[in-house]
Amino acid sequence: HCGFSGQNTPRCCRAAGLLWPLFAACLWAAVVGYKPVVIVHGLFDSSADFRNLLRFINQSHPGTNVTVIDLFDRSASLQPMWKQVEGFKAAIYPIMQNAAGGVHFICYSQGGLICRGILSTLSDHNVQSFISLSSPQAGQYGDTDYLKYLFPQFVKSNLYHLCYTAIGQRISICNYWNDPHHRDLYVNSSDYLALLNSERANPNSTEWKKNFLKIQKLVLIGGPDDGVITPWQSSQFGFYDNNETVVEMQQQDVFLRDIFGLKTLAARGDLILCSVPGIQHVYWHSNETVFHTCMEKWLV
């Protein structure tokens, strides 16, 4: 019992006074509560690669429950996109069910497309902020180190010979390979991105759009020095026309026709573009400036 005042305040009371701010902070986290954060990794990554991002989140929002989904690591990330969507969905669903106020997604690189698949096909998701961290949302078309490593006998101009076949579509990167010079082949062969974008007839498109629009915010992060996502504007739904000139998101057919909800999100004020120069692809999730500039405020 702390009934004294002045110099004779018992030590226990002084200690309690020091602990109050900590207790208040814990109470804030418990009552107001930061929503749980789910992180989905990219091509050739594993959950261990995200320790810096975990630290940034815990420093800025103490007490946040953060889960980096440990599935399809390293070479397993080459498995077909729909298979990964189902696997990640099964792992994430219980986290959603235990979060009455909803969850936030941070989805990096290829993971950003996996998260779109989850958000489109899961009718009762409760994702508030969907943060897409340098993800090839409009597809990929570039001669990168990844390409040389995976397909040493191919360059970007001829990879369509492999990607737009039944065998090719069993490799994740081919599911979103978007060759601007072979548009018809892409539309007819892409089992993943062309369906997500309803560029190919998709009987579920209305339902998928409704599901996707349940998110509160879509945050699209990317930058001109990425070096892997090609064109880099794909991270913000821009892409090449058939002359390899970049057409920005606002001029893209999927935006203008509001095919899966981008225009609706923009009209709602819930579509945020965050471009940061000087960041190479592998550093997006470990750069503190990127976190504070583009992510922190959307994780409350």
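Does Val 187 count as buried or exposed, and at what relative accessibility? In this predicted model, Val 187 counts as buried, because its relative accessibility is 18% and the cut-off for a buried residue is under 20%. The legends below begin with an overview and then turn to individual close-up views.

Overview. The secondary structure comes to 13 helices and eight strands. Of the 300 residues in the protein, 52% are buried. Among contacts with a separation of 6 or more, 67% are accounted for by residues 24 or more positions apart.

View A. Val 187 is a residue of helix 8, and it counts as buried at 18% relative accessibility. When residues up to four places away in sequence are not counted, Val 187 touches Ala 194, Glu 199 and Arg 200. Asn 197 is 10 residues from Val 187 in sequence, and the C-alpha atoms of these two residues are 9.8 Å apart in space.

**View B. The aromatic pair of Trp 82 and Tyr 192.** The structure holds 15 aromatic pairs, and one of them is shown here. The ring centres of Trp 82 and Tyr 192 are 4.7 Å apart and the ring planes stand at 65°, so the pair is edge-to-face, given that planes over 60 degrees apart count as such. Trp 82 belongs to helix 3 (residues 81–97), while Tyr 192 sits in the loop between helix 8 (183–189) and helix 9 (193–196), so the pair ties together parts that are 110 residues apart in sequence. With regard to accessibility, Trp 82 counts as partly exposed at 23%, whereas Tyr 192 counts as buried at 0%.

View C. Phe 212 and Phe 260 form an edge-to-face pair, with 6.0 Å from centre to centre and 75° between the planes. Phe 212 lies in helix 10 (residues 205–212) and Phe 260 in the loop between helix 11 (253–256) and helix 12 (262–268), so the pair ties together parts that are 48 residues apart in sequence. Phe 212 is buried, with a relative accessible area of 1%, and Phe 260 is buried as well, with a relative accessible area of 6%. Arg 116 lies over the face of Phe 260, at 4.3 Å from the ring centre.

**View D. The packing of helix 4 against helix 10.** Two packed helices are described by the angle between their axes and by the distance between the axes. Helix 4 (residues 110–121) and helix 10 pack at an angle of about 105°, with 6 Å between their axes, and that makes helix 4 roughly perpendicular to helix 10. On the side of helix 4, the residues that take part are Arg 116, Leu 119, Ser 120 and Thr 121, and these meet Glu 207, Trp 208, Asn 211 and Phe 212 in helix 10. By class, the contact of helix 4 with helix 10 has three nonpolar, three polar and two charged residues.

View E. A cis peptide bond joins Thr 230 and Pro 231, with omega at about -10°, and Pro 231 has its place in the loop between strand 5 (217–222) and strand 6 (239–240). Ser 134, although it is not a glycine, has a positive phi of about 45°; Ser 134 is found in the loop between strand 4 (127–133) and helix 5 (145–150) and counts as buried at 1% relative accessibility. Glu 244, which is not a glycine either, has a positive phi of about 60°. Glu 244 is found in the loop between strand 6 and strand 7 (246–247) and is partly exposed, with a relative accessible area of 29%.

**View F. Ala 48 and Asp 73.** Ala 48 lies in the loop between strand 1 (37–40) and helix 2 (51–60), and at 45% relative accessibility Ala 48 counts as partly exposed. Ala 48 and Asp 73 are 25 residues apart in sequence, and their C-alpha atoms are 9.8 Å apart in space.

How values were computed: Residues numbered from 1 in each chain as written. Predicted model: local features only at pLDDT ≥ 70, side-chain atom pairs only at ≥ 80, totals over all residues. Heavy atoms only, no water. Phe/Tyr/Trp six-rings, centres within 6.5 Å; stacked < 30°, edge-to-face > 60°. Helix = DSSP H or I, 4+ residues; strand = E, 2+ residues; numbered from the N terminus. Buried < 20%, exposed > 50% of the residue type's maximum accessible area, 1.4 Å probe, protein only. Lys NZ or Arg CZ within 6 Å of the ring centre and 35° of its normal. Axes fitted to C-alpha atoms, helices over the stretch in contact; angles between N-to-C directions. Parallel < 35°, antiparallel > 145°, perpendicular 65-115°, else oblique. Contact = heavy atoms within 4.5 Å. Nonpolar A, V, L, I, M, F, W, Y, C, P; charged D, E, K, R; others polar.
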